[in-house]
2 protein chains.
Amino acid sequence: MASLHPFDPITADEIRLVVRILEKSFSGVKLRYKRNDIQEPMKKEVIPYIEAERLGQPLPPKPSRLAYAIFHRLDNRAFYKALFDLTSKAVIYAKELPKHVQMQLPPGVVVCTEPWMYGTDTANENRRLFQCYLYVVEINHPENHHYSVPCRFSPVFGITHELVRVDYLPTGLDHTVRETQPWKPVKTVQYAHELLDEPMRQDLKPYIVQQPQGASFSTEGNVVSWQKWRFRVGFNSREGLVIYNVTYDGRNTFYCLSLSEMTVPYGDPRAPYHRKQAFDIGDVGFGITANQLSLGCDCLGHIHYFDGHTVNSSGEPKRLDSVICLHEVDQGLQHKHVNYRTNTATVVRNRQLVVQMICTFANYEYIFAFIFDQAANIELEVRATGILSTTPFDDDTEGTLPWSTTVGPGVAAPYHQHLWSLRIDPAIDGFKNTVFYEDSVPMPISEYNPYGVGYITEKIIMKTSGSAQTSVDRHRVFKMCNANVINPLTKKLVAYKIHTVPSQMPLAHPSTFGYQRAGFATQPIWVSKYKGGELYAAGEFTNQSTSSQNEYSEGIDAWVGRKDPIENEDVVVWHAFGLTHNPRPEDFPVMPHEKINVVLKPDHFFAKNLALDGPPSTQAFNKSVLHEEPFKSVCCSGKAILWQVDQ
Amino acid sequence: MASLHPFDPITADEIRLVVRILEKSFSGVKLRYKRNDIQEPMKKEVIPYIEAERLGQPLPPKPSRLAYAIFHRLDNRAFYKALFDLTSKAVIYAKELPKHVQMQLPPGVVVCTEPWMYGTDTANENRRLFQCYLYVVEINHPENHHYSVPCRFSPVFGITHELVRVDYLPTGLDHTVRETQPWKPVKTVQYAHELLDEPMRQDLKPYIVQQPQGASFSTEGNVVSWQKWRFRVGFNSREGLVIYNVTYDGRNTFYCLSLSEMTVPYGDPRAPYHRKQAFDIGDVGFGITANQLSLGCDCLGHIHYFDGHTVNSSGEPKRLDSVICLHEVDQGLQHKHVNYRTNTATVVRNRQLVVQMICTFANYEYIFAFIFDQAANIELEVRATGILSTTPFDDDTEGTLPWSTTVGPGVAAPYHQHLWSLRIDPAIDGFKNTVFYEDSVPMPISEYNPYGVGYITEKIIMKTSGSAQTSVDRHRVFKMCNANVINPLTKKLVAYKIHTVPSQMPLAHPSTFGYQRAGFATQPIWVSKYKGGELYAAGEFTNQSTSSQNEYSEGIDAWVGRKDPIENEDVVVWHAFGLTHNPRPEDFPVMPHEKINVVLKPDHFFAKNLALDGPPSTQAFNKSVLHEEPFKSVCCSGKAILWQVDQ
């Protein structure tokens, strides 16, 4: 155990250790495990340790590795959460959770049943329910696309698989349902290559990335080093990929970066669809839905994979192979200047390091990547792809419903939003930071600005925990600075800025459960004072939650209510951003990705462009090839003649 | 000439033809040429021709190729513009331009003098002036970075190089200037690889793109075919790269796509900086500043180059080699779905075709690319890079001025904006189109929306030429549709939508010349009815212009004033977007690029995702390589031991 770092993902042996401790404690009671995972270590213990690592100093005692387990007793179905110190092998606590706290979705129980998080439309539901949307499989091929043919009824089950009721689904403009009709076959819109009607494209030629000297990164366990960057790749079953302890050229930049939550509320107002609102991290988890990646499928070039571990219901560790991949990408030019006096070009390409995870939530896929470059930028790229969630509808509604798009015969894809929370725990040259925003504003016309063209920036420091708005019109930029460190050249505080993604916030009415459960998404920027365990923007238990201000499952909207002082403190920034996705037919049956990028950029953190020392972009290095036209000269093709000037 | 298409760039022989015609007309008068270029052909003649091409029908008579020349007489310095029919070799008109119309910037006349567009601060300036900012060259190396050491005085010259006056530059917080001081040497911030103080990075390993079967595109002259796309690459000295007659699988999508204008107003309020406002297209031209690209420098893989032609001042054609490049890029995954029931992945990568041009405007560079993909998307990507325009300042101002950033000793980079106009001439399944926008809005709570979660879209059709706002809060999406063509599946009009870039508009006061000259940038969306010759968003003659509503040089803000009906008409959409760029020290001496992307996406134009038939992403096709850690197992390194569970 001496070799494990507090940020390393949980191991199989650690999962077994936790299970053995619990079996002793609950002697004679059968337990069913939902989660058994690494817990973020105590930050106040970790910081001296990672600082000593960074500075090459003698290491203080290693901080305890912590783990938690969520499980229920099979005798009385009570839910528990327990916390463990893996180092001392001690239970820190084991507590029963209240009845209305619901854990994540059970696996499918019927072929082509799609179990969905039940969602919320009452504060008084203590049963753990799931709603099964059913789909017809037309032909007997394993890759048949069932989402293309949704059924018109939907059973609701309880936790022990007892049928609670059957919902009949509305298929027209209001909430009424029609009597069940005899099945009329419809044509399935297929996506699998072998089931397509049309022939495959034959004219796309191979594109191969060669790295004859290997990759430029190196790994040692979960530590990655690349181009002056150094960080640790973390993994857990809830957030999946987490980036810890990021330094650039030995300077601290970020303590932790993670996708903290996402919610997908649907805009179809008809029951039972009004309850469709996924919390894909809280209800299910990015880690346990992470694709096991394979060579040549998801990335090009030289690829390194990281594994993870999760627990099965009986307490056995389960290895998740290759859930995170690491590879380099050439992303075009980083910078270029041509000295027109000498016609000399200075060109450096934009090599990037990509740490990627792909998650499948039944029908839908998300591709998440943290991308590092040589100019000290870090980018979070989110791609949304996969299959739209579908509903049946009546063809006699003239083919359109106002809240959805027809994507095939009798099948519609409702409008919805994707709203993410990026959790940024900054460590800008140290662990006490200040957050402010800067607006670009015109100078008033005066003796200092007689021509009316001057503009300056206005700086607003966030002094107590709370939220802030983005502003396109004012070009608002959020910055995380260290109030104790001044850039000697510019005399400004060292900082990183956030290129935010200003987005439409939830469209649900503020009085709805849908809105109140997703408090994190109602403001684009939140800043809280760090507190151990405050990791999940919508609260720890989102399934059938009624609000993220519930005392058992608080989210960021609750935490900022403490009005903590946050100037020159250990702060956390939460950026909510998203897509309003009103589907196109072109998004079906599998949608071409929609891409969103949030970028973190150094801002007065360095004295100059850090990519200057990147190797010059030259033919000797890049080995490009001149494309030859099949017809070298139009004169020879017999189609064209040279134009003769006769004037 | 029979072989030349009306969209093809001007040829050397055509430039000579125009010069010969003018020499005859102005017999005995010496002429000095500024522009001699292709003119957009008559759209009403071109459409039947390109439609016959598209449909494989017998071709009607080829439309006339048109050219224009801008020149002045050396005897009386009068400026002229003439239009020619190259097919009939006839002059269509030759007219003298009014005195206050100023052509573009002359080339540098003194070493390390940087001639700048004079800009405008009076409506009564008929002289053609230019302002020379001077820089000190510290050492005798050709790549020394002179922008790092600006001088404190700046001569103003007239067209015949007569000195008009010397401006002494303010270096503090107000407009006052200081007495000239003896030269104090300062350390230059260098960017050229051979002048860097620090050693080069040695740990970036080669990354080579191999296309063993060649590129997937084909070219025939200026026609490009790739993955069901077909279009013509145009080039002219003003706009540089222009994309014409874009079809997908034989269907019309766009008649023309081009960068129409850009302006860069500076926020430094002090004279003479208040006049700093570049119009890089109108004052100079993307075509004549386009870099001559070379293999291995700017792109990887198989690359095709297009040449262009311009004219020198004595009327000789000048070939511009390799000003546009064409190549493919792998841009990660296009779509992915994993069937969790069978664990089968359907994956298609996002291969793109990039048509690229890079322009150098003295200190600064822009990289423009139109990017096509297999899902029928077209993206305009703009990268801003190069060297910031700099000003000298007094070190005793405590290192900061409120409208600029210190980037080196005694040198500051003022805040500025980059504002572009993308001109979109749509041809969505035909040449008569309608523009509308759609907002995502909550449904009121009612019997149709009892749970308050429903939302729908609100559609607003633009009926007369004018402008419109973007809206993040309403998730406003602009669409170009064909009101005569209905998608049979969805019953909606076929359309393409624009993923706009909501941006801060000009910060200059509306009363200023800076604002009035940049009318195009004051609204993010304009829609006009097509009219021949209306190509340039800020007017044809921007140098020292006073307004884009001037009768000799009207821009889009003037044209929409006609209040033309634009429903189901030949319409043009102009999208103004930009960056407010308050420099970071990390942007100096050459800035890592800032990237902006505008995307055009089919919207009810097709029945489903068009990339489904792309080849599956497999190891056999991609040939990726597993990265091996130097230490295969931590147990062998002596650093770690396996953890023994003893509980």
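## A sheet in chain A

Strand 3 (residues 79-85) of chain A and strand 4 of chain A run antiparallel to each other, paired over six bridges; strands here are DSSP runs (E) of at least two residues, numbered from the N terminus, and two of them pair if DSSP finds at least two bridges between them. Within this pairing, A:Phe84 sits opposite A:Val91 of strand 4 of chain A.

Helix 1 (residues 12-25) of chain A packs on the sheet and touches strand 1, strand 2 (66-73), strand 3 and strand 4 of chain A. Touching is contact, meaning heavy atoms within 4.5 Å. Helices are H or I runs of at least four residues.

## About the model

This is a predicted model, where local features need pLDDT of at least 70, side-chain atom pairs count only at pLDDT 80 or more, and totals for chains, interfaces and linings use all residues. Residues are numbered from 1 along each chain as its sequence is written, chains are lettered from A and ligands numbered from 1 in the order written, and side-chain values use heavy atoms, leaving out hydrogens and water.

## Where A meets B

On the chain A side, 203 residues are in contact with 204 residues of chain B. Ten salt bridges link the two chains (a side-chain nitrogen of Lys or Arg within 4 Å of a carboxyl oxygen of Asp or Glu). One of them joins A:Asp613 to B:Arg201, with the closest N and O atoms 2.8 Å apart.

Key: Axes fitted to C-alpha atoms, helices over the stretch in contact; angles between N-to-C directions.
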